[in-house]
Every structure is written in C-alpha cells, then in structure tokens.
Amino acid sequence: MFLPFSVRAGRAVAIGTLAAVGLTACGGTTHATTEGATADHAHAQATAPATTPVAQAAVATSAVTIDNFSFIPAAIKVKAGTTVTWTNKDEEPHSVVSSDEPMRSPTLAGKANTFSHTFTKPGRYAYNCGIHPFMHGTVEVTA
Ligand SMILES: [Cu+2]
C-alpha cells in the first residue's frame, strides 16, 4: 500500500523519540555497578514498547479534526447522546469507519469534509480511516 513519505518519516521520528526517552530515563550510574540491575534494566527496556502502548488521555470534546493523516485528538470522551463531528482538513480524502459502533462515513474530501455520528450507548469505540487503516481513533462514551 502506498504511504506518503511524510507519514513514514513522522512515524520514524516518533519511534526515535520514544527510544530517546527510554534511554534518558536510565539513570546511568547505578545500573552499571551491578550485574543484576543491568540485566533487569535491559529486559524492561526491551519488552516495554511491545506490552505497554502509549496511553493517550481521552480529551473531552465532540470535535475531531483530521490532519496530516491523523485524528486529532485521537482519543475523545463524550457523554451518551452526544453527536461527534469529524472534519477533514487534509488535502487527502479520508473517512471514518467503525465496527465497534456501526458507522461508515462517505469519503470526506473537498467541501464535503465533515461527518457526524451520535453515540447513544456508553462504551469505548475504536474507529479508523477506511482509506488509510493505520489511522486510528477512539470514542469513549460515558453514561
Ligand atoms: Cu485516511
């Protein structure tokens, strides 16, 4: 599948930043003095990225912007009965599709760049772009 270079570059930068944070968190002096600490540290660092996805706090808003191949904010929180509106600000067409909460927007592009959906039942609903499945977002619906 075709991915624009800018998206790939952005992801590489994000991964690099995470790695840098991990290295920075390492104190430096203490773990070098004992074999055990070094082993534990290495183990934790190797497994952390795979087992703990970066937690994003859900933002209390009903408006999601699609920009630079991302849903912003990617995680939102609304009360049941709220209508959420997505607005595509990219020049690329995007869509909003979910199997958790049955919804499927038309392709959002040009002047037809908004889509709204009302969430009635509490729950946490994942969605993605139907054109670029790597674009993810969640809507947390509270009672
Ligand atoms: Cu898209």
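Read along the sequence, the predicted chain follows the pattern α-α-β-β-β-β-β-β-β-β-β-β. It contains two helices and 10 strands, taken as DSSP runs (helices H or I, at least four residues; strands E, at least two) and numbered from the N terminus. This is a predicted model, in which local features need pLDDT of at least 70 and side-chain atom pairs count only at pLDDT 80 or more, while totals for chains, interfaces and linings use all residues. Residues are numbered from 1 along each chain as its sequence is written, and side-chain values use heavy atoms, with hydrogens and water left out.

The chain averages a pLDDT (the predictor's confidence in each residue, from 0 to 100) of 77, and 61% of the residues score at least 70. Over residues 5–52, pLDDT stays under 50. For this segment the model has 12 contacts (heavy atoms within 4.5 Å) beyond four places in sequence. Where pLDDT is low, the predicted coordinates should not be read in detail. Of the 143 residues in the chain, 27% are buried, meaning under 20% relative accessible area (1.4 Å probe, protein chains only; exposed is over 50%, partly exposed in between).

The copper ion is coordinated by H94 (ND1), C129 (SG) and H132 (ND1), at 1.9 to 2.2 Å. Donors are N, O and S atoms within 2.8 Å of the metal (3.2 Å for Na, K and Ca); water is not among the atoms, so sites may look incomplete. Along the chain, the donors follow the spacing H-x34-C-x2-H. Both C129 and H132 are buried.

S95 lies in the loop between β5 (82–88) and β6 (97–98). Its relative accessibility is 5%, so S95 counts as buried. The S95 side chain reaches the backbone nitrogen of G130 at 2.9 Å. Residues that S95 touches, not counting those up to four places away in sequence, include F71, N128, C129 and G130.

The structure holds six aromatic pairs. Rings of Phe, Tyr and Trp (its six-membered ring) pair if their centres lie within 6.5 Å; planes under 30 degrees apart count as stacked, over 60 as edge-to-face and the rest as tilted. The F69 and F134 rings are stacked, because their centres are 6.4 Å apart and their planes are at 20°. This pair links distant parts of the chain, 65 residues apart. F69 is buried at 11% relative accessibility, and F134 is buried at 18%. F119 and Y125 form a tilted pair, 5.7 Å centre to centre with 40° between the planes. F119 is buried, with a relative accessible area of 0%. Ring pairs link F71, W86, F115, F119, Y125 and Y127 into a cluster.

Conventions: A polar contact is a pair of N or O atoms within 3.5 Å; within protein, one must be able to donate a hydrogen and the other to accept it, and residues adjacent in sequence count only if both atoms are side-chain atoms.
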